[in-house]
Amino acid sequence: METAPQTLIAALRNSHERLASLVHAISDDFLTSRSYCTDWSVAQVLSHLGSGAEISLMMLESTLRGEPMDREAFPAVWDRWNAKTPAQ
């Protein structure tokens, strides 16, 4: 099954906007509570999603340039996200 890129992009945008609206509506206490992954708080799960999105964008950009992905850049992304407070 082939799907037009515009359809996929719209679905990703919708998912992003829905998650962002939900995150802005939750309390700081909820952010620091345990997620379904019992080793992580809700904020840590969101951090994982954010760093993953940033790394995925880096991968897309390097692919579009026809360059190999620089995996050495990953730790800096993770460090930046890990340094944020739960509310950030």
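**Figure 1. Phe74 and Trp78 in helix α4.** Phe74 and Trp78 both belong to helix α4, where they lie four residues apart, about one turn of the helix; helices here are DSSP runs of H or I with at least four residues, and strands are runs of E with at least two, numbered from the N terminus. This is a predicted model, in which local features need pLDDT of at least 70 and side-chain atom pairs count only at pLDDT 80 or more, whereas totals for chains, interfaces and linings use all residues. Residues are numbered from 1 along each chain as its sequence is written, and side-chain values use heavy atoms, with hydrogens and water left out. A search of the whole structure finds one aromatic pair, and because the ring centres of Phe74 and Trp78 are 5.8 Å apart with the planes at 65°, the pair is edge-to-face. Rings of Phe, Tyr and Trp (its six-membered ring) pair if their centres lie within 6.5 Å, and planes under 30 degrees apart count as stacked, over 60 as edge-to-face and the rest as tilted. Phe74 is buried at 9% relative accessibility, while Trp78 is partly exposed at 40% (buried means under 20% relative accessible area, exposed over 50% and partly exposed in between, with a 1.4 Å probe and protein chains only).

**Figure 2. The salt bridge between Arg80 and Glu54.** The structure holds two salt bridges, each defined as a side-chain nitrogen of Lys or Arg within 4 Å of a carboxyl oxygen of Asp or Glu. In one of them, the side chains of Arg80 and Glu54 meet at 2.1 Å, N to O. This pair links distant parts of the chain, since Arg80 is in helix α4 (residues 74-82) and Glu54 is in helix α3 (residues 42-65), 26 residues apart. Arg80 is partly exposed at 43% relative accessibility, and Glu54 is partly exposed with a relative accessible area of 24%.

Figure 3. The side chains of Glu67 and Arg65 meet in a salt bridge of 2.9 Å, N to O. Glu67 counts as partly exposed at 41% relative accessibility, whereas Arg65 is exposed, with a relative accessible area of 52%.

**Figure 4. The buried residues of helix α3.** Among the buried residues of α3 are Val42, Leu46, Gly50 and Ile55. What covers the buried residues of α3 includes α1 (5-24), α2 (28-31) and α4, where contact means heavy atoms within 4.5 Å.
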